[in-house]
Structure formats: structure tokens, C-alpha cells
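The sequence and structure come next.

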Amino acid sequence: MMLKKKKSYYGLEPRLSLQYKLGADYALRLGYSRSYQYLQLLQNDELAFSSLEAWVPAGPNIKPQYADVFSFRVNRLMYKGNIGLEGYWKKMGNQVELIDHAQLILNPFIETQLRQGNGRAYGLELSINQRFGDLSASMLYSWSRSFRKINGINKGKEYVANFDIPHVLKSNLSYDLGRSVHFSAFYTIHTGRPLTYPIGFMEYEGIYVPVYSSRNSQRMPTFSRLDLNCSVDLETSQQRQRGTRHTLNFGLYNVFNQRNPLYYSFSEDSNGNLAIKKTRSLDGYHQSVTQ
């Protein structure tokens with residue numbers, strides 16, 4: 001009879017928040033927090049989301065992740081709105097990453113496919129919210145970076161994390177036409193996700209295996225999308241007072257038909273050269289393009 005090893009982890013999660021008002025319109029907030037994560041998500045580097053993602057609990061061979069976060073926020077009230085600037089610095093430990101060519105399917109020893117190390121992240125975020133009569137506008141811009149350094153991955157050198165997206169801009173406009181008709185427009189544009197391109201292939205026991213360059217050393221193209229929406233309230237004022245709501249919604253998704261890549265896959269063509277297959281998400285279905 002084989003005895004299973006058990007391991008218990010404990011950790012304090014202190015949180016500190018200080019807020020100071022600088023007059024009637026300004027406010028300053030400082031914060032610190034320590035957090036632990038005992039359930040680890042194993043992400044596939046090829047896809048932003050995938051049914052092959054797995055959750056693995058901390059145990060004898062996997063330590064829980066932890067993070068120390070220092071943050072600040074300066075907020076200023078304006079006429080029917082506000083403007084805020086927020087920043088953070090995060091130090092992370094025991095970050096989980098898959099090794100190259102990791103095998104997750106039907107693998108009872110998934111810990112052998114993992115490595116753990118340290119990470120760091122920092123960023124600034126500017127937000128503006130304003131209302132002009134029946135028109136409301138909001139804009140958010142963030143600049144952030146995230147890095148990891150793990151022994152056994154990328155030759156032990158620091159590399160950008162899979163979710164490192166330096167620039168993100170989001171804006172929203174909404175207009176109320178009376179009490180029943182509402183129009184809104186949402187636009188977003190951000191830096192493409194990191195990507196690891198293979199630089200070639202090698203043959204191993206009759207199978208061609210990709211040889212990768214530095215971890216996350218390339219990026220997808222810039223992502224952008226504009227969505228429009230119109231909603232119509234169908235209830236009467238008496239029904240609204242009784243809590244009854246009936247709404248009819250119309251929407252246009254990706255108005256400019258931006259063919260943003262969903263993910264890339266790599267293979268070898270008949271001449272032994274690298275073939276890149278780009279899969280795009282187009283209004284509910286996928287389109288693949290080989291280049």
C-alpha cells in the first residue's frame with residue numbers, strides 16, 4: 001500500500017490602506033497587501049484561453065504562490081466627474097510556469113512539467129469620467145509590465161510574462177435619448193499578447209519537434225475593436241415603479257471588422273520551412289490563414 005504525501009501551508013494576509021484628503025477635491029490613498037494562492041492555473045502559452053487549462057492545488061511538490069503589492073491612488077473630483085491616477089508595484093514568489101513541450105493530457109505526474117520562480121510587475125493607470133448633460137464619457141489608459149525569472153525556463157533569464165500587455169486604452173460614450181432610448185459605444189485598443197515563435201524543427205524518433213527561441217520574445221499584432229449598442233426600455237413609468245423591466249437591445253460587434261488574431265499555430269511545410277497558421281475570430285466563427 002502506497003502512502004500519499006501530504007503538505008499543509010499557512011500564511012498571513014495583512015492588508016493596510018491609508019487615505020488622506022487634500023482639500024475638498026483631492027484624495028490620496030496608499031495601500032499594501034500580501035496574498036497567497038493555493039490553487040494554481042496552468043495556462044497554455046499558445047492560447048489566451050483553452051479547454052486544456054488545468055487547476056492544480058499546492059502540495060508537496062508545488063508551493064503556493066504569493067504576492068506583495070504596494071499601490072497608490074490620487075483622485076480629483078471635477079464638475080460631474082473625476083480624474084484619477086493609480087500606480088502599483090508587485091513582487092511575486094513561487095510563480096508557476098510550464099516547461100517547453102509540456103505534456104498535460106493523461107499525465108498523472110503533472111508536477112514534472114512545472115517550474116517555479118519569482119516575478120515582478122508594475123504599472124500606472126489613468127482614468128477620467130465626465131458627464132455632459134445626457135452624454136457620459138469615460139476613458140482609461142494603463143501602462144504596465146510583468147516579468148518572470150524561473151530556473152529551467154528561458155535559460156534562467158528574465159522574460160516577459162504571458163499576460164504582459166504594456167499599453168491598454170479603453171473608452172466609452174453613452175447618450176440617453178429621453179428616458180427610454182440609450183446609445184453607447186465602446187472602443188478598446190491594446191498591445192498584442194507575447195508569443196513564442198519556433199526558430200526551426202528537429203527530428204526525434206521520427207517526430208518533428210519545434211525548437212523555440214527565447215520565451216515570449218515576439219508579440220501578436222495590436223488588438224482593437226469598436227462595439228455599438230442601443231437599448232430601448234419598453235416598460236411604462238408605472239411598471240418601472242413596480243420594479244418591472246423590459247429592455248430591447250441592438251448591438252454591432254467589431255464595427256470596423258478588425259481581423260484580430262485569436263491564436264497562432266506552427267508547423268513545417270513540405271520544404272522544411274516554418275509555416276505559421278493564424279486563426280482569427282470573426283463574428284462567432286474562426287478563420288485560419290497560413291503564411
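F70 has a relative accessibility of 42% and therefore counts as partly exposed, since that class lies between 20% and 50%. The model is a predicted one. Y32, at 25% relative accessibility, is also partly exposed.

The model holds six aromatic pairs. In one of them, the ring centres of Y32 and F70 are 4.9 Å apart and the planes meet at 40 degrees, so the pair is tilted. This pair joins distant parts of the chain, with Y32 in strand β2 and F70 in strand β5, 38 residues apart. Together with W89, Y32 and F70 make up one aromatic cluster.

| Charged residue | Ring | Distance from charged end to ring centre |
|---|---|---|
| K7 | Y9 | 5.6 Å |
| R215 | Y159 | 5.9 Å |

The second largest pocket has a volume of about 480 Å³. Its lining consists of 26 residues, and those nearest the centre of the pocket are Q65, M92, Q95, R148 and F163. Five strands each supply at least two lining residues: β2 (26-37), β3 (39-42), β5 (65-78), β6 (81-98) and β8 (135-149). The greatest contribution comes from β6, with seven residues. By residue class, the lining of this pocket is made up of twelve nonpolar, eight polar and six charged residues.

In soluble globular proteins, nonpolar side chains tend to be buried together. The largest nonpolar core here comprises seven residues, namely L42, V56, I62, V96, L98, I110 and L114.

K155 belongs to the loop between β8 and β9 (159-160). With a relative accessible area of 81%, K155 is exposed, because the limit for that class is over 50%.

Terms used:
Residues are numbered from 1 along each chain as its sequence is written. This is a predicted model: local features need pLDDT of at least 70, side-chain atom pairs count only at pLDDT 80 or more; totals for chains, interfaces and linings use all residues. Side-chain values use heavy atoms; hydrogens and water are left out. On a 1 Å grid over the protein atoms alone, a cavity is a set of points where a 1.4 Å probe fits but cannot get out, and a pocket is an open set with protein on both sides within 12 Å along at least five of seven lines; lining residues have an atom within 4 Å of a point. Grid points are joined across faces, edges and corners, and a volume is the space filled by probe spheres set on the points. Helices (H or I, at least four residues) and strands (E, at least two) are DSSP runs, numbered from the N terminus. Ala, Val, Leu, Ile, Met, Phe, Trp, Tyr, Cys and Pro count as nonpolar, Asp, Glu, Lys and Arg as charged, and the others, Gly among them, as polar. Rings of Phe, Tyr and Trp (its six-membered ring) pair if their centres lie within 6.5 Å; planes under 30 degrees apart count as stacked, over 60 as edge-to-face and the rest as tilted. Buried means under 20% relative accessible area, exposed over 50%, partly exposed in between (1.4 Å probe, protein chains only). A charge sits over a ring if NZ of Lys or CZ of Arg is within 6 Å of the ring centre and within 35 degrees of the ring normal. A nonpolar core is a set of buried Ala, Val, Leu, Ile, Met, Phe, Trp, Tyr and Cys residues joined through side-chain atoms within 4.5 Å.
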